[in-house]
Structure formats: structure tokens, C-alpha cells
Number of protein chains: 2
Amino acid sequence: MAKEKKMVEAITSMEEDFAQWYTDIVKKAELVEYSGIKGCMIIRPAGYAIWELIQKELDRRFKETGVENVYMPMFIPESLLNKEKDHVEGFAPEVAWVTHGGGEKLQERMCVRPTSETLFCDFYAKIIGSYRDLPKVYNQWCSVVRWEKTTRPFLRSMEFLWQEGHTAHATAEEAEARTIQMLNLYADFCEEVLAIPMVRGRKTDKEKFAGAEATYTIEALMHDGKALQSGTSHNFGDGFAKAFGIQYTDKDNKLQYVHQTSWGMTTRLIGAVIMVHGDNSGLVLPPAIAPIQAVIIPVRQDKEGVLDKAYELGNILKGFRVKVDDSDRSPGWKFAEHEMRGVPLRIEIGPKDIEAKQAVIARRDTGEKLTVSLDELEAKVGELLTTMQKEMLERARVHRDAHTYSATNMDEMLDVAENKSGFIKAMWCGDVACEEALKEKAGVTSRCMPFAQEEIAKTCVCCGKPAKTLVYWGKAY
Amino acid sequence: MAKEKKMVEAITSMEEDFAQWYTDIVKKAELVEYSGIKGCMIIRPAGYAIWELIQKELDRRFKETGVENVYMPMFIPESLLNKEKDHVEGFAPEVAWVTHGGGEKLQERMCVRPTSETLFCDFYAKIIGSYRDLPKVYNQWCSVVRWEKTTRPFLRSMEFLWQEGHTAHATAEEAEARTIQMLNLYADFCEEVLAIPMVRGRKTDKEKFAGAEATYTIEALMHDGKALQSGTSHNFGDGFAKAFGIQYTDKDNKLQYVHQTSWGMTTRLIGAVIMVHGDNSGLVLPPAIAPIQAVIIPVRQDKEGVLDKAYELGNILKGFRVKVDDSDRSPGWKFAEHEMRGVPLRIEIGPKDIEAKQAVIARRDTGEKLTVSLDELEAKVGELLTTMQKEMLERARVHRDAHTYSATNMDEMLDVAENKSGFIKAMWCGDVACEEALKEKAGVTSRCMPFAQEEIAKTCVCCGKPAKTLVYWGKAY
């Protein structure tokens with residue numbers, strides 16, 4: 001019993017050490033186990049089930065916009081990776097190289113895909129010939145490998161799971177529209193499903209994707225005030241098309257280059273869910289992605305009829321993702337365990353409840369407990385899950401807004417960067433030198449130039465020259 | 001128009017050249033495109049959508065039996081691969097080695113997983129401590145890499161998609177029961193969903209998986225009389241547990257080794273579907289895994305009201321996977337195109353049909369055409385899809401049975417192997433020398449020792465000594 005108690009107590013408080021709190025949760029909620037390969041994690045059932053729910057809903061939304069799924073090889077020959085100059089410069093330093101196969105040294109080494117632009121371009125060059133073949137709106141769900149020095153489960157790992165969409169269009173306008181469409185789809189998904197509010201905007205040139213003309217991003221604020229880039233959508237223009245020779249004949253029988261986009265979200269989203277919603281009792285999952293939405297815990301399950309009643313409630317609630325915990329642990333252990341795992345609702349049923357034809361429901365996010373007549377249980381559970389989903393988003397929004405600051409000059413910027421943690425809104429002249437100076441002096445990077453622009457000053461926060469745009473700055477994961 | 005016509009005609013007949021017919025179909029039905037990496041294929045939307053339907057139904061069946069999904073790293077350090085002697089001997093010659101990462105030579109090279117027994121064992125050694133942690137019934141959906149010299153799309157490729165289940169149990173009996181349970185789940189799935197009848201049985205020691213105590217298999221017969229191993233389920237006993245130190249304390253507080261199983265099915269199943277059901281007009285898909293179950297083709301779509309009616313029918317049939325082909329191709333081109341892609345039902349609607357309040361439905365498998373009143377369209381489509389699914393299995397069974405032969409001595413074996421193509425049932429003494437002799441002389445390998453045993457002779461077909469078991473022999477993909 002001592003060991004059991006310890007299992008659910010040994011979590012560092014987030015105020016004491018946020019990084020350790022995070023690590024404790026991913027381990028104790030059994031989302032992840034470390035593997036023998038440095039920087040690679042094992043995603044355990046409790047973690048993978050969240051990813052499956054994310055995948056399912058995201059894939060459904062993709063397909064509604066005409067996305068088709070494919071699967072590309074995991075290897076990229078070196079000569080193919082080298083075809084687009086900026087792209088190879090961005091990725092070559094962080095790839096893993098396969099040099100031997102089937103007992104022999106390869107004539108040309110291949111990297112494990114860090115991303116698949118080059119493979120899709122090679123493919124599109126083969127299968128696109130006429131305007132009739134456009135657009136191509138393909139996506140794949142797979143894992144990619146990037147050699148990272150410092151890794152953290154979900155946030156940054158050598159191998160991670162993601163989806164990568166790659167499209168080809170007849171016109172620049174259509175490519176830009178798809179880029180923005182997918183960014184908004186990502187943001188809506190994060191808000192509606194993960195209950196995480198997003199700042200939507202464009203990356204500066206310094207922060208954009210290797211080979212892209214423009215990168216758009218959604219940025220979220222974690223509980224500790226650090227930013228997390230949560231999804232990106234890139235417009236490549238016709239740069240890759242020219243490097244790879246992807247051309248089509250238009251209706252006037254003239255050869256044209258296609259315009260391309262790519263966009264991706266990763267298992268990093270699970271890290272965002274942990275760091276936005278979690279508390280000192282563990283994970284708190286938004287109902288929409290909770291593998292178990294309600295756990296039924298029998299109290300005094302040794303008493304005749306209690307377990308049967310618990311199963312009966314499980315049956316009544318079968319329209320939800322529900323579990324009856326009939327294990328031989330104590331109710332107290334089970335309470336703590338399912339709190340740690342972030343199960344949205346706990347339903348307690350004991351002999352006295354059965355007599356009174358009622359059950360006790362506890363909300364994971366607020367701790368609120370209410371007694372519900374069994375006749376109303378199903379309706380109440382549905383209602384509470386809906387409310388909880390909505391309120392979790394609202395609380396995250398309030399937290400984010402309360403941790404969004406402004407700075408109009410360098411003194412203010414340094415003050416906020418040192419004494420607060422959160423987003424810092426400040427004007428920027430557009431010069432990369434100022435971006436670099438802000439990183440060096442204030443330790444912040446540009447998160448994005450938000451779509452929702454404001455003019456909070458006339459001059460650049462760094463150099464004092466006329467400002468071009470509002471930028472969200474911050475410390476980021 | 002000439003080019004269009006050619007596109008759907010250029011398919012080799014299966015009687016003329018079965019291998020070329022197969023290759024033609026995978027290309028013309030746009031299931032696959034070759035990539036720049038030898039032996040790696042690109043699975044195109046029409047192919048991947050079939051895989052998604054296979055995954056969805058198989059995963060649903062897995063979860064009903066308590067399977068939980070996880071994700072393991074794609075790399076295996078060499079020292080880990082080396083831990084189980086038989087296993088490394090089986091796989092080391094055909095792996096791809098990563099030797100460099102992040103710009104540096106690795107201290108220890110890692111292979112890309114050819115299968116993940118070693119990773120799961122390492123994981124289980126960490127997380128299993130007590131009888132309470134058992135059983136573990138984990139599965140992952142991923143891709144694996146095996147360095148193959150000769151490759152064919154879906155059937156044998158360097159990288160392929162699959163699922164691999166890995167389980168750990170307290171007792172040998174429980175492990176054996178799970179091994180058989182999953183084999184039967186596979187066979188039922190293939191019969192009920194892919195409409196492919198299976199022979200269920202056990203592999204001989206020569207043919208079993210590297211490191212397994214027993215391998216069970218399901219074997220299907222292709223249209224050309226060759227066999228295809230379609231899924232395998234392995235019982236490892238406690239061999240891996242001893243090599244990796246996977247122990248648990250039982251209820252009496254004694255240390256015990258776990259007993260393990262693994263089981264997998266792959267994208268090879270799509271190859272089986274092609275080679276069992278396809279014909280000289282292209283692919284024929286069983287309705288259960290057809291991405292499009294019915295295609296509505298407007299005839300004279302330039303006439304007012306025709307396209308609208310086609311969309312209206314699409315809406316009536318929205319309970320099925322239905323598509324209205326409103327492209328600017330001719331009806332004839334569309335007929336041939338959707339035949340090539342194996343769409344189970346074609347629904348034609350033209351001005352005369354609209355006047356008569358009817359539509360024409362054509363079945364892809366039999367070519368049968370019938371005229372249906374629009375009032376009955378939805379019911380009829382559902383009925384036809386059910387009938388077609390059932391009849392496709394039945395036809396495949398009749399074909400398989402008609403191509404299953406018997407041999408009681410070596411003369412008969414040589415005669416059948418030379419003059420027929422199909423399964424050959426023959427008795428075997430259990431000696432590997434006879435297995436090797438049969439391969440050398442008759443060109444056949446043992447497919448399995450079927451669960452449904454018969455005694456068709458008293459003596460081994462090869463050596464004439466007393467027979468131990470009936471074996472299915474054949475030429476295999």
C-alpha cells in the first residue's frame with residue numbers, strides 16, 4: 001500500500017519545477033517510456049490512444065477539404081535531397097544516414113526522411129502532366145527522423161509521428177489559399193478539439209521553413225508562459241517546381257510550373273495538451289481526445305450488487321468512452337490513478353448511492369462534485385463533457401490573455417522579458433538584425449506576425465526606426 | 001481520344017502473362033507508383049484508401065479482443081538485435097544500417113526495424129514486474145524495412161506497411177491460446193472482408209519465424225495457382241523472455257519468465273486481393289474494402305437535368321461510399337476507368353432513365369446489368385453489395401478447391417507439380433531432408449500443416465517412410 005500511494009504522489013509541483021512536473025506526468029500517466037535509443041521514445045497505450053483520437057478527427061477534417069492519403073518511402077537518396085538548395089541546407093545537418101543494406105555498402109547513401117518535400121516533388125514530376133491532373137492534395141501519416149541533441153518526450157524527439165500534407169496547384173493564388181485554409185483548419189482543430197487557443201500568423205523570413213516562400217504558424221502559450229509552435233503551413237511558390245521540373249500543360253497548351261504547399265502537425269500536440277491543461281494532480285484531458293471520458297469507480301465493490309450496478313451504469317453510458325475500474329485496488333488508489341491520467345469525469349457508485357438511486361460525479365478540471373439521480377446520469381454526463389470542453393478552452397484563453405504583454409521600446413521589452421513570462425507584443429521594422437538583437441539581449445524569438453494586426457506603436461521596439469508590423473515575441477519550446 | 005482509349009486497353013491478359021497482368025493492374029488502377037528508391041513503392045490514393053479500410057476493420061477486431069496500440073522507435077541498436085541468437089541470424093542479413101546521424105559517425109550502428117520483437121522485449125523487461133502487469137497485448141501499425149533483391153509491388157518490397165502485435169503472458173497455455181486466436185482472427189477477416197478463403201495451419205520447422213517455437217499461417221491460392229502466405233502468428237514460448245530477462249513475480253511471489261507471441265499482416269493483402277479477384281478488365285474489389293462502392297455515371301450529362309439527377313442519386317446513396325463521376329470524359333471512358341479501378345457497382349443514369357424513373361446498375365464481378373426503379377435504388381444497391389461480397393468469396397473458394405490436388409507418391413507429386421498449378425496435399429514424415437528434396441525435385445515448398453488434417457496415405461510422399469502429417473505444398477509468392 002505504501003508503494004501504491006507513492007506511485008500517485010511522486011509528482012513534482014509545477015510551481016516548483018515545471019520541466020520536472022512535465023517529465024513526471026508523461027511517465028506517471030504512462031504516456032511514454034524511454035527507449036534504449038537516445039532521443040527516441042516509446043508511446044504507450046495511454047499516449048497512443050490520444051494520438052489516435054487526434055488523427056481520426058484531423059483526418060476527417062482533412063478529407064472534408066478534398067485531401068487524399070498516400071504513403072511515400074521512408075528513404076531519400078542523397079542526390080534527391082540535394083535538389084533544392086535552401087531545403088538541403090536546412091535539413092542535411094540533422095538527418096540519419098543509411099549507408100549499408102543487405103550486407104553491402106550502398107552506392108549512394110540515403111537519409112531517413114526528415115520531411116518528404118523532395119519525395120513528393122519527384123513523384124509529382126512523374127504523375128502531373130496536364131491541368132487535368134491538378135490540384136493534387138495529398139497527405140501522409142508517418143514518422144520522421146531529425147537528429148536532435150536535446151530531446152523531450154513529445155516536444156522534441158529524434159523520431160516523431162506526424163502528418164505531412166503536400167499539394168500542387170495550377171496557380172499561385174490557389175496555393176496561397178490552400179496554405180491559409182490548412183492553417184485555419186489546424187487552428188480550429190486545436191481550439192475546438194484540444195481546447196487550446198491559438199495565435200494565427202506568419203513567420204518572419206528568419207524563422208520560415210527551409211525552401212519556403214512563406215511559412216504560416218499557429219502559436220500556443222503553455223502554462224509556464226513559454227510559447228509552443230503547434231502547426232505550420234508553407235507556401236513554396238514555384239521554387240521546388242523549378243528545382244524538380246514539375247510542369248503541366250495548361251488549357252492553352254502552354255507549359256507552366258505548378259505552385260506547391262506543405263503543412264504538418266505532430267505528436268508535439270500531446271505535449272501542448274499536457275502543458276496547457278495539466279495540474280499538480282496530473283494530466284487533464286479535454287473530453288474530445290480523452291481515450292476514457294468517464295471512469296466508473298465502485299465503492300465497496302466487495303458488497304453484493306455494487307459491481308453489477310457499476311457494469312449497469314457502464315452499459316447506460318456506452319455512448320461515451322467509458323470504463324468500469326473493477327480492479328482489486330482501493331477506491332482511493334483508483335481516484336488518484338485516474339486523476340493522474342486526466343480522465344474528465346469520475347463516477348462513484350457505492351451501496352448508499354444504489355439505495356438512493358444516485359451516483360456522484362467529479363469533474364477532473366474543477367474538482368467539482370455533484371450528486372446525480374441515475375435516471376439523469378446519461379444526460380448529465382453528456383452535458384458535463386460538453387461544458388468541460390468549452391470551459392477548458394475558455395480558461396486557457398483567459399490564461400493566455402493574462403500572460404500577453406506589450407512593449408513599445410527596448411526598456412519595456414527587457415523588463416517584460418526578464419520579469420514576466422508570456423507572449424510579448426511589439427512592433428518591428430522588418431530587419432533581421434533587430435530580430436537577432438532581441439534574441440541576444442532579451443532572449444526572445446519572433447513567434448509570428450499575427451493575422452490580427454494592431455499598431456501599438458509607430459516605431460520598431462529594437463531600433464526605433466519606423467515599424468512595419470506587429471510581432472508576437474516569446475521564449476519557446 | 002486515342003490516348004484515352006489506350007490508357008484503359010493497355011493491360012496484358014492474365015492468361016498470356018500473369019506477372020505482367022499484375023504489374024499492369026497496379027499501375028493502371030493507380031494503386032502504386034515506382035519511386036526513385038529501388039524496391040520502395042509509393043502507395044497512391046487508390047491503393048492507400050484500400051489499406052485504410054483494411055486497417056480500420058482489422059483494428060476494430062483487434063480492440064474487441066483487448067489489443068492496445070503503441071508506437072516503438074524505428075531504430076534497433078545492433079547490440080539489441082543481437083540478443084536472441086536465432087532471431088539475429090534470420091534478420092541481420094537483410095537489414096538497412098544507419099551509421100551516421102547529425103553529421104557524426106555513430107558509436108554503435110542501428111538498423112531500421114525489420115520487425116520489432118527485440119524492441120518490445122526490451123520494453124517489456126522494463127515495464128513488467130508482477131502478475132498484475134500481465135497480459136500485455138500490444139500492437140503497432142508502422143512500416144518495416146527488409147533488404148530484398150527481387151521486389152514486386154505489395155507482394156515483396158524493401159519497405160512495407162504492416163501491423164505487428166507483440167504479447168506477453170503469464171503461462172504457456174495463455175500464449176498458445178492468443179497465437180491461435182489471432183490466426184483465426186486473421187483468417188476470418190480475410191474471408192469475411194477480403195473474400196479470400198484461407199487454409200489455416202502450422203508452418204514446418206524449416207519455414208517458421210526466426211526465434212519462434214511455432215509459427216501458424218494462413219495460406220491463400222492466387223488465380224494463377226500460386227500460394228500466398230497472408231498472415232502469420234508466432235508462439236515464442238519463453239525463449240525471448242530468457243534472452244531479454246522478462247520476468248514477473250507470480251501470486252506466490254516466485255519469479256517466472258513470461259511467454260510471448262507475435263503476429264502480423266501487411267500491405268501484401270492488397271496483392272492477394274488483386275490476384276484472387278482481378279480479371280482482364282482490371283481490379284475487382286470486394287465491397288467491404290472498396291473505397292468507392294458505387295460510381296454514378298451520368299449519360300448525356302450535357303442534357304439539362306442529367307447531372308442534377310446524378311447528384312440526387314448520390315445523395316440517396318450517401319449511406320454507401322459513392323461517387324458521382326461528373327468529369328468531362330466520355331461515358332465510355334468512365335466505364336472502362338472505373339472497371340479498371342474495380343468499383344463494385346456502376347450506376348448509369350441518362351435522359352431516358354430519368355423519364356422512366358429508373359437507373360441501370362452493372363456489377364463489376366459478373367458484368368450483370370439490371371434496370372432498377374429509382375424508388376428501390378438504395379435497397380437494391382445494399383442488396384447487390386452484400387450478394388457480391390458473398391459470391392466473390394464463394395467463387396474464390398470454388399477456384400481454390402478446383403486447384404487443390406493430392407499426391408500419394410513421388411511420381412504423382414512430380415506429375416502434379418509439373419502439369420497443374422495449385423495446392424498439393426501430400427503426407428510427410430516430418431524429416432527436413434524430404435522437405436528439401438521436394439523443393440529441389442518438384443519445386444514446391446511446404447505451405448503449412450493444416451489444422452484440418454486428413455490421412456490421404458500412410459507413407460511420406462517423398463521417402464515412403466511412415467507419414468506423420470498432411471502438408472499443403474505449393475509454389476509460392
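Student: What makes the pair A:E348 and A:R346 a polar contact?

Tutor: In this predicted model, the side chains of A:E348 and A:R346 come to 3.0 Å. The cut-off for a pair of N or O atoms is within 3.5 Å, so the pair counts as a polar contact.

Student: And is A:E348 called buried or exposed?

Tutor: Buried. Its relative accessible area is 9%, and buried means under 20%. A:E348 sits in strand 17 of chain A. Leaving out residues up to four places away in sequence, A:E348 touches several others, including A:I297, A:F335, A:D353 and A:K369.

Student: What about A:E108, where does that one fall between buried and exposed?

Tutor: A:E108 has a relative accessible area of 32%. Buried stops under 20% and exposed begins over 50%, so A:E108 is partly exposed. A:E108 belongs to strand 6 (residues 104–112) of chain A.

Student: What does the side chain of A:E108 reach?

Tutor: The backbone nitrogen of A:S79, at 2.6 Å. A:S79 also turns up among the residues A:E108 touches, along with A:P77 and A:E78, if you skip those up to four places away in sequence.

Student: Why is the pair A:W428 and A:W473 called edge-to-face?

Tutor: Two numbers settle that. By the pairing rule there are 34 aromatic pairs over all chains. For A:W428 and A:W473, the ring centres are 6.5 Å apart and the planes stand at 90°. Planes over 60 degrees apart count as edge-to-face, so that's the label here. The pair also links distant parts of the chain: A:W428 is in strand 21 (residues 423–428) of chain A and A:W473 in strand 23 (residues 469–474), 45 residues apart. Both A:W428 and A:W473 are buried.

Student: What makes A:R329 sit over the face of A:W333?

Tutor: A:R329 lies 4.2 Å from the ring centre of A:W333, and the distance limit is within 6 Å. There is an angle condition too, within 35 degrees of the ring normal. In chain B, B:K226 lies over the face of B:Y477, at 4.8 Å from the ring centre.

Student: How do you know that the buried residues of helix 10 of chain A line one face?

Tutor: The buried ones are A:V306, A:K309, A:A310, A:L313 and A:G314. Looking down the axis of helix 10, they fall within an arc of 145°, so they line one face of the helix. Those residues pack against several elements of chain A, among them strand 15 (294–298), strand 17 (345–349) and helix 13 (377–402).

Student: Last one: what makes A:N253 stand out in its phi, and why does A:N253 count as exposed?

Tutor: Most residues other than glycine have a negative phi. Phi of A:N253 is near 65°, a positive value. At 64% relative accessibility, A:N253 is past the over 50% cut-off, so it counts as exposed. A:N253 sits in the loop between strand 12 (247–249) and strand 13 (255–257) of chain A.

Notes. Residues are numbered from 1 along each chain as its sequence is written. Chains are lettered from A and ligands numbered from 1 in the order in which they are written. This is a predicted model: local features need pLDDT of at least 70, side-chain atom pairs count only at pLDDT 80 or more; totals for chains, interfaces and linings use all residues. Side-chain values use heavy atoms; hydrogens and water are left out. Buried means under 20% relative accessible area, exposed over 50%, partly exposed in between (1.4 Å probe, protein chains only). Helices (H or I, at least four residues) and strands (E, at least two) are DSSP runs, numbered from the N terminus. The arc is that of the directions from the helix axis to the C-beta atoms. Contact means heavy atoms within 4.5 Å. Rings of Phe, Tyr and Trp (its six-membered ring) pair if their centres lie within 6.5 Å; planes under 30 degrees apart count as stacked, over 60 as edge-to-face and the rest as tilted. A polar contact is a pair of N or O atoms within 3.5 Å; within protein, one must be able to donate a hydrogen and the other to accept it, and residues adjacent in sequence count only if both atoms are side-chain atoms.
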